[in-house]
Structure formats: structure tokens, C-alpha cells
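The sequence and the structure are shown first.

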Amino acid sequence: MSRPVSRVLTLLELLQAGGVRTVAELAGRLGVGERTVRRYVDHLVDLDVPVESVRGRYGGYRLAPGHRMPPLMLTDDEALAVLLGLVAGRRAGITAAADTAAETAAAKIRRVLPERLRHRLDAVLDSLAFTSAPDEPAVPDAAVLLPLADAVRHRRPVAIRYTGGSGKGGERTLYPYGLVAHAGRWYVTGRDLSVAADRTFRLDRVAAARVLPGTFAPPPGPGPAERVLTALATAPYRHEVTVRVRGTAEEVRALLPGSVAVVAAEAGAGGASGKGGEDGAGDDAWCRVEIRAERLDWLPGLLASLDRPFVVERPDELRGLVADLADRLSDAARQTPPNGGRRTTDHSRAMARTKGGGATGEG
């Protein structure tokens, strides 16, 4: 690559970093005179790169939003980061575009890369394996995501056309607090003005979004991510479970996923500060855990994994399942190995032969 062309591309890379760059700064970075910098800028303009001239004492050049995306200057690390991000986003189900768009974007990036770098990146992608199956994609449409993001950023109300899980649809007016990606799905949480209550909506069920005039002030309290987790944990399910667990709310909350359980300290419980007991929880520190679930069979194992004393308040069926698990664990602990411990005896004999030299054939 000739030096003038290389410097023009370096100039483009400097401008893509953002902000206004003075002519003197650009000349110093490129090692050329200011007149040459202006000539290089003219080259970029001829290539339809939207370079703006900013007048004034602190003026210079900057990239302006144009009709077409300017050429990207990616280092090896940046190109790898972009491609791996597209792959990971598709597998996690949170790529905010149709699957074909992610594929074509990756193909375009690979097509413009130098052959040396393209082969190296393809080697990484071809040799990469995942330990989990890809999530079912539930990505939102860009025509829905972008207006909602704009409404969140500028605190504007938004009208959405939403279809719930029951299949019933309609238009809602929402004060959107934030967008949240969780477990392969996108959500928007905010104030639903039609019911005057906070609600959480799945973006893949939003057919259209339209920003409305006006502004709103977000309320104090939990952030959007915590609001979504709480909404998922308190959604209506077949079983409503209440368990008292010994420990502070902070300690127990760290052991349970926020999308599964709502943990609250019991009012007036002594030792809630976590002091007073050998385990740091305090003898009187208890909290209440509420879980909503379609099935109960997985809960005994979850409660046992807490490794803390607990009391099941409801439902009675869960108490029986916990007792059954305790019986199975007790029976398993009393079981002896198969063959009456022959494996241990054989192992001892083999070790004795090894010490005596029999394993190596030496006498």
C-alpha cells in the first residue's frame, strides 16, 4: 500500500474515533503538513465519506452522520471481537435483528478483511465449540427496538401494540423505564397507563412501537433489570411456595436466582445484621422466600442446596417431597459398594504388587 493511501486510511481511522480533530493535531499524527491534511480530507470526501469542516478557534474536522456508513477500520482484535459478538449473540438469542441480518453482517465483515486475517478468524470460528445448546431465538424487530430505545433515552411515552400470552392483543401506552435482555429474551419495563401499574412486556410480542409527545420522570427505586427479575419471579404459576430460611435476606438472595425467588427479611427478626452466630447469620436472622412454579419436583433439591435450615410454610405437598428426598439421601448414605468391597481389596493387592516390583517385571 502506497504511503499516501495509507495515510488517508489512517486519517479516516483517527476521525472514526469521534469528536473534532484540529488540523494541527491531524498533521502531527500523520507526520505531514496542514495543507496535505486538507488534501487527504478532500480524498475522503471524493469517496463519499461524510467529513465535516468545523470553523472557529477549536475547529477542525469530524465525521458527520451520512446516508451511507463510512468504511470501517478494524484492527485484528476489533474484527475478532465483532465476529465473536455476532456468533455469541445468535446463540444466546439476543441479537437484535433477524438471524439472516446477523449472518449477512458477519459475511460482509469477512469479505472486506485481508486474506491473512480472514483465514485466522475463520480458524477461530471453525474450531470454537459450545457446551450448551443455542437458545430459541426471540429477538425483537428493529422497528420495535429502536423507537423503544429512543423513548427510554429521552423519557418519552410510547404506544405499543402488544399480544399477551393468552393471545389477546391491543394497544398500550407506556412510560418505558428501560430495556432488559434476560435468558435469550428482550423485555421493556415501565408504567402501563391503561392499568396505572408497572408492567413488563416481552419485545417479541410487540408488533409496533410509536413514540408519543411529552416526557415523564422515572420513579425512584429498583433499576430496570431488577424490575424485570421481580416481575418474572412473581408471575402467576400453578404453585405459590412460601419458605422461611435462616439467614439474612442478602445472604439467601445471593444463593437464589432473582428470576425465581423473591427474598425479604422478616420484620422484627433479631440478628438481621448478620452478627451473633458462628456462621455470621445470627440465630434469629430468618427471611421469607416466595417462589412461583409450575412444578414442585425440582424445589427439594434447590432448598437442600442452600445448606441452611428452612421451614416450608406452603404448600403441604412440598413438605412431602422434601421428606422423600431426605429418605432417599439417607438410604443412599447407608448403601455399601457393589461386590462387597472387592474393588478395594483388588486395589490393595495391586498396590502391594507394585511396591514389590511385580508391576515392572523386576524381582
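Is D204 buried, partly exposed or exposed?

## The D204 and R202 pair

In this predicted model, D204 is partly exposed, its relative accessible area being 31%. Its salt-bridge partner is R202, with 2.7 Å between the closest N and O atoms. R202, by contrast, has a relative accessible area of 17% and is therefore buried, since the limit for that class is under 20%.

## E240 and its two arginine partners

E240 takes part in a salt bridge with R292, at 4.0 Å from N to O. Because R292 belongs to strand β10 (residues 286-293) and E240 to strand β8 (residues 239-246), this pair ties together parts that are 52 residues apart in sequence.

E240 also forms a salt bridge with R314, where the closest N and O atoms are 3.6 Å apart. Here R314 lies in strand β11 (residues 310-314) and E240 in strand β8, so the contact joins parts that are 74 residues apart in sequence.

With regard to accessibility, E240 counts as partly exposed at 38%. R314 is likewise partly exposed, with a relative accessible area of 38%, and R292 falls into the partly exposed class at 22%.

## The network and the overall count

A network of salt bridges links R244, E266, R288 and E313. For the model as a whole, the count comes to 18 salt bridges.

Definitions and conventions:
Residues are numbered from 1 along each chain as its sequence is written. This is a predicted model: local features need pLDDT of at least 70, side-chain atom pairs count only at pLDDT 80 or more; totals for chains, interfaces and linings use all residues. Side-chain values use heavy atoms; hydrogens and water are left out. A salt bridge is a side-chain nitrogen of Lys or Arg within 4 Å of a carboxyl oxygen of Asp or Glu. Buried means under 20% relative accessible area, exposed over 50%, partly exposed in between (1.4 Å probe, protein chains only). Helices (H or I, at least four residues) and strands (E, at least two) are DSSP runs, numbered from the N terminus.
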